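Trainee: Could you take me through one part of this model closely, in a single connected account? I would like to follow the contacts of one side chain and then the elements that can be described alongside it.

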Amino acid sequence: MAQLYSSMKPTPMLKDELDIVIPTIRNLDFLEMNDINRILGPKSSCISFKDSACRCFGYMVSKKKYIYTIDDDCFVAKDPSGKEINALEQHIKNLLTPSTPDFFNTLYDPYGDGADFVRGYPFSMREGAITAVSHGLWLNIPDYDAPTQLVKPLERNSRKFYLPLKSLNNEVVLLYVDAVMTIPKGTLFPMCGMNLAFDRELIGPAMYFGLMGDGQPIGRYDDMWAGWCVKVICDHMGWGVKTGLPYIWHSKASNPFVNLRKEYNGIFWQEEAIPFFQSVTLPKECTSVQQCYMELAKLVKEKLGKVDPYFTKLADGMNTWIEAWDELNSPDGAEAKAPKGKDE
């Protein structure tokens with residue numbers, strides 16, 4: 001079930017422009033049940049059930065410019081001074097400032113507070129590109145795959161690094177690393193859906209988390225699949241993806257043995273899928289996200305369908321997703337009756 005909270009009003013400039021989507025398996029009696037089947041009808045086959053990939057239904061029925069999505073075991077984090085981190089504010093700062101996908105700035109985000117372009121950065125490129133995605137990180141429980149979980153069961157991410165700096169009493173100085181950077185054009189990344197914001201009007205149609213979980217031969221690759229598709233399309237469209245701040249607190253570790261059953265096929269299939277996405281070149285005739293995504297779906301069926309029949313089914317789901325998106329979001333399309341929060 002995708003839980004959709006509307007208009008959380010993080011800052012005055014975003015009043016009525018943001019929805020928060022949280023996938024959960026908890027009992028939510030205050031929400032109307034079966035919204036997915038009721039709204040999408042036969043096209044509901046493209047939405048995953050009993051899996052966090054169902055969150056993309058919330059993206060589809062939202063009518064807001066921005067989406068922020070987190071998991072239901074994620075909470076407000078604190079920086080080393082004990083101050084609570086305003087994750088929404090930082091995500092919106094990321095989305096409202098340009099990205100630099102075509103030329104890497106070694107001082108991280110040149111549009112951040114206290115930063116600028118370094119010497120040698122081309123002046124003709126300092127205007128930057130539109131930012132489509134803000135990918136945040138997490139404290140406490142790392143976002144590991146099952147094999148790494150098993151090898152490092154006690155590892156925690158504090159984002160504190162002991163650097164080789166000595167104080168007067170010869171103690172190691174503890175520093176908190178806070179940085180945002182643009183992922184370079186042509187470079188993929190493992191997108192995590194537990195702390196993610198994006199411009200729905202720009203990249204929303206590509207934020208499809210695939211067919212995962214219940215009844216499917218793979219799970220826990222939903223956000224990564226979306227990330228690979230999104231990055232290829234952002235590169236093609238000339239948009240940027242930022243990663244780094246803000247952090248949230250990831251409170252609990254999932255069961256690595258359960259995760260291994262979900263990830264097992266994905267661990268093998270990613271060795272074919274990632275080179276596929278690295279080699280994809282979208283034709284210049286693809287001038288919209290929908291066109292790009294339909295082209296990707298065609299290539300997935302042609303190339304990855306040879307790896308396993310699942311990818312043929314996934315490609316069909318990608319096409320159905322775009323059809324449903326256009327039906328619900330075109331100017332003359334049907335108005336979605338989105339599930340509402342308690343206060344609405």
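Mentor: The side chains of T69 and R55 are joined by a polar contact of 2.9 Å, in what is a predicted model. T69 belongs to strand β3, which covers residues 66–70, and with a relative accessible area of 0% T69 counts as buried, because the cut-off for that word is under 20%. Once neighbours within four places in sequence are left aside, the residues in contact with T69 include R55 itself, V21, P23 and Y59, together with G193, M194, N195 and L196.

Strand β5 (residues 131–140) runs parallel to β10 and is joined to it by nine bridges, with N140 standing opposite H250. Strand β8 (residues 180–182) runs antiparallel to β10, through three bridges, and here M181 stands opposite T243. Strand β4 (residues 74–75) is likewise antiparallel to β10, with two bridges, and its F75 stands opposite W249.

Helix α7, finally, has 24 residues, 256–279, which at 1.5 Å a residue should span 34 Å, and the 32 Å between its end C-alpha atoms agrees with that, although α7 also has a kink of about 50° centred on E263. E263 is itself one of the buried residues of α7, among them W269 and F276, and the cover over these buried residues includes α4, α6, α8 and α9.

How values were computed
Residues numbered from 1 in each chain as written. Predicted model: local features only at pLDDT ≥ 70, side-chain atom pairs only at ≥ 80, totals over all residues. Heavy atoms only, no water. Helix = DSSP H or I, 4+ residues; strand = E, 2+ residues; numbered from the N terminus. Expected span 1.5 Å × (residues − 1). Bend = angle between axes of the 7 residues up to and from the residue. Buried < 20%, exposed > 50% of the residue type's maximum accessible area, 1.4 Å probe, protein only. Contact = heavy atoms within 4.5 Å. Polar contact = N/O pair within 3.5 Å; in protein donor to acceptor, adjacent residues only side chain to side chain. Pairing = 2+ DSSP bridges.
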